[in-house]
Amino acid sequence: MCNRWTVKNIPKYAPAQFYIDNVLPRIKEKKIMALKPFVDRLGYDNVPPEINRLRCRVNYHALKFLPEMEEMSDLLVSRMRNRTGSPNPYMALHPRFEKGMVGLSFCDFVGTREEKARMAEYRQNEWPRRYKNGTYLWQLALQKRKEGRCPLEPGEVAVILRAMGYPKETQIYVASGQVYGGQNRMAPLRNMFPNLVTKEELASKEELVAFRKHVTSLAALDFLVCLKSDVFVMTHGGNFAKLIIEARRYRGHSQKSMKPDKGLMSKSFGDPYIGWATFVEDVVITHQTRTGLPEETFPNYDLWENPMTPCMCKA
C-alpha cells in the first residue's frame, strides 16, 4: 500500500499555482494525497478546458465507490422500488435543514420563544463576529428570505411537491442528517407524504453497523440512493446536492432533478391572498426549467452543479 501524505491549511482562495508548487511534488513522491481542508474553488477560476475535461474523467471514470457501498445502496434502492409489493418509482429528497445549516443561514423560522432563544445562543457561540448583539438579525432574515437564500422548511417542501402534482402515495427517500426540530418539524411533510423513509427505516441496524464507523460512509449511501432515484429534489445549496445534480446531468439529463426557486416560493408563501390555483400555476411554470435540463454555462460557473459541454464525454 502506498503511503499517504496530508497537506493541511490550504488557503480557501489558493490559485492553481499553489497546488502546482505545494501539492504536486508530494503527489509525485507519495502517490496518494489527502487535502485538508479542500474546496472546489479552482472550479471558478477559469481553469483551461483540458483540465476541466480531466476533472470530469476523475469524477466519473477514475473514482469508484467500494463494492460493499455499491451493494448496500443497490439493496436500499431495490427496497424502495418494491415497498408496495410491485415495482414503483421513487423520489429522493435532501432536506438540508440541520441545526448547523439553520444556524448558519441566520434566517428566521417560526418556533417557540424558548426555541428562538436557544438558537440565538447557539449562533452567538458559533459565529460571534456575525452575531454581534443580534439586534439587526430580524431585518437581515427578512431580506435573505426575499432573496431566496433561506433553507426551505420540510412543510414548505411538502406544499411545493403537492403543487407540482405529486400525490400522497409518492414514495420518498429522505437523505439527511438530524432535521432541526425533529419529528415535529418533519410532521407536515410526513402527513402529506406518509410513504417517506430513511435508510435507517429501510435497513436493519446490523446491515448498517459497518457504515456507522464513518459519517462519510452513511453520506455515501445516501448519495448513491439519490443518484439512482427517478426524481431528486434539493431544498438548499451544498456540495452534496450539487454533485448529485451534476452526476445526473452527466448521465444525459434523462433523470429529473428539481431545484426549487426559493425566492419565488418566499413571495408566494408570504402572500396571504394567493389562491391554491394561482400558487400551483406559479410553481409549475417556474419549475419547468429547473428540472436538471442542460443549462448555458457562464464565466466562473459552478462545474460541480452544471458540467459544461466539453465535459459531457465518456470516451
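Select residues 137–146, helix H8 of this predicted model. Its buried residues are Leu-137, Ala-141 and Lys-144. Looking down the axis of H8, you will find them within an arc of 70 degrees, so they line one face of the helix. An α-helix has 3.6 residues a turn, so residues three or four places apart point the same way. Turn to the other side of H8, where Trp-138, Gln-139 and Lys-146 are exposed.

Beyond H8, pick Gly-148, which has a positive phi, near 75 degrees.

Next, the charged pairs. Twelve salt bridges are found in the whole structure.

Select Glu-153 and Arg-185, whose side chains form a salt bridge at 2.7 Å, N to O. Glu-153 sits in the loop between H8 and helix H9 (154–163), and Arg-185 in helix H10 (residues 182–192), 32 residues apart. Glu-153 is buried at 16% relative accessibility, and Arg-185 is buried at 12%.

Move to Lys-199 and Asp-222, a salt bridge of 2.9 Å, N to O. Lys-199 belongs to helix H11 (residues 199–202) and Asp-222 to helix H13 (residues 215–227), so the pair ties together parts 23 residues apart in sequence. Relative accessibility is 5% for Lys-199, which counts as buried, and 5% for Asp-222, also buried.

Now select Lys-30 and Glu-29, which meet in a salt bridge at 3.8 Å, N to O. Lys-30 is buried, at 18%, whereas Glu-29 is exposed, at 55%.

Finish on Glu-70, Asp-74 and Lys-228, linked in a network of salt bridges.

Definitions and conventions: Residues are numbered from 1 along each chain as its sequence is written. This is a predicted model: local features need pLDDT of at least 70, side-chain atom pairs count only at pLDDT 80 or more; totals for chains, interfaces and linings use all residues. Side-chain values use heavy atoms; hydrogens and water are left out. Buried means under 20% relative accessible area, exposed over 50%, partly exposed in between (1.4 Å probe, protein chains only). Helices (H or I, at least four residues) and strands (E, at least two) are DSSP runs, numbered from the N terminus. The arc is that of the directions from the helix axis to the C-beta atoms. A salt bridge is a side-chain nitrogen of Lys or Arg within 4 Å of a carboxyl oxygen of Asp or Glu.
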